[in-house]
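Reader: I would like to learn to read a model like this one, feature by feature. Please take the terms as they come up.

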Amino acid sequence: MASEVPVALTYNKRSHVVMMVTPDALEDFAVGFSLTEGIITQTSDIQNISVLTREKGLELAVTVSEDCFAHLDKQRRNLVGRTGCGLCGAESLDQAIHNPAVVTSRVYVTSSGLQVAIRSLNDHQPLQVVTGAVHGAAWCSLEGEILDLREDVGRHNALDKLIGHLHRTGFDPGSGFMLVSSRASYEMVYKAAAAGMEVLVAVSAPTTMAIDFAHRSGITLV
């Protein structure tokens, strides 16, 4: 069975959000979530990450720079995340819907490269093979080789984990493309844009807002 536990993210000892997460690669998740939510602008803004066991779940205690925390304090919201929802708890439309980042890189991928990645996706998802209950997010070379992959019960969590890993280890957003095992929701497009990824490939259909976000952020959505 796939694990799904409540994970509370705190910044400088202040509660920010509770997400339902598969409890692995949690430091990657903390970094990716912080980047795609605009809490930090670079990985060096994070000074420390601790994974703490609490009575009813886990706590990701993140320490960020004073500038980042001051900015977060201005836009603080109470948000309880669910597996399929990234807007729960937002207090206004302006707060819920942000303008996506504009991607400046240009990536050229062939149809055969896309198909190579799609065909090999399941082979790189060990947790999905065992449980049948998790999503995967994969970073692929232009030729379709899957270079890195993260899994989670939440599609946006899997993407945050992968983005966090890539930014922690150093990568060129123009050197490949993102492949996700889910539908193309607006949130997946938004997070890809926030990470500077120009090509996002999803195995299932997009939503109207995902298409709109792709147009506005310069993302190629497949």
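Author: Begin with exposure: buried means under 20% relative accessible area, exposed means over 50%, and partly exposed lies in between (1.4 Å probe, protein chains only). This is a predicted model, so local features need pLDDT of at least 70, side-chain atom pairs count only at pLDDT 80 or more, and totals for chains, interfaces and linings use all residues. Residues are numbered from 1 along each chain as its sequence is written, and side-chain values use heavy atoms, with hydrogens and water left out.

Reader: Is R216 buried, partly exposed or exposed, and what is its relative accessible area?

Author: R216 is partly exposed, because its relative accessible area is 36%. D212 falls in that class too, at 35%.

Reader: What kind of pair do R216 and D212 form?

Author: The general idea comes first. Side chains of opposite charge can pair when their charged atoms come close. The rule for a salt bridge is a side-chain nitrogen of Lys or Arg within 4 Å of a carboxyl oxygen of Asp or Glu. R216 and D212 form a salt bridge, with the closest N and O atoms 2.9 Å apart.

Reader: Where do R216 and D212 sit, and how are they spaced?

Author: Helices (H or I, at least four residues) and strands (E, at least two) are DSSP runs, numbered from the N terminus. R216 and D212 are four residues apart in helix α8 (residues 208-217), so about one helical turn separates them.

Reader: How many salt bridges does the rule give?

Author: The count comes to ten salt bridges. One of them joins E27 and R168, with closest N and O atoms 3.1 Å apart. That pair links distant parts of the chain: E27 is in helix α1, R168 is in helix α6 (residues 155-169), and 141 residues separate them. E27 is partly exposed at 32%, and R168 is partly exposed at 42%. Salt bridges that share partners join E27, D28, R150 and R168 into one network.

Reader: Are D160 and K191 buried or exposed?

Author: Both D160 and K191 are buried. Their side chains meet in a salt bridge, 2.9 Å from N to O. This pair also links distant parts of the chain: D160 belongs to helix α6 and K191 to helix α7 (residues 186-194), 31 residues apart.

Reader: Which residues does T36 touch?

Author: Contact means heavy atoms within 4.5 Å. Leaving out residues up to four places away in sequence, T36 touches D160, I163, Y190, K191 and A194. T36 is found in helix α1 (residues 26-36). It counts as buried because its relative accessible area is 2%.

Reader: Back to α8. Which of its residues are buried?

Author: They are A210, F213, A214 and S217. Seen down the axis of α8, these buried residues fall within an arc of 100° (taken from the directions from the helix axis to the C-beta atoms), so they line one face of the helix. On the other side of α8, T208 and H215 are exposed. The cover over the buried residues includes α7 and β10 (220-221).

Reader: How should I read a nonpolar core?

Author: In soluble globular proteins, nonpolar side chains tend to be buried together. A nonpolar core is a set of buried Ala, Val, Leu, Ile, Met, Phe, Trp, Tyr and Cys residues joined through side-chain atoms within 4.5 Å. Here the largest has 26 residues, of which M178, M197, L200 and I219 touch the most other members. At least two residues come from each of β6 (135-141), α6, β8 (176-180), α7, β9 (199-202) and α8. The most come from α7, with six. Another core lies apart from it, with 23 residues, among them I39, I46, C68 and L72.
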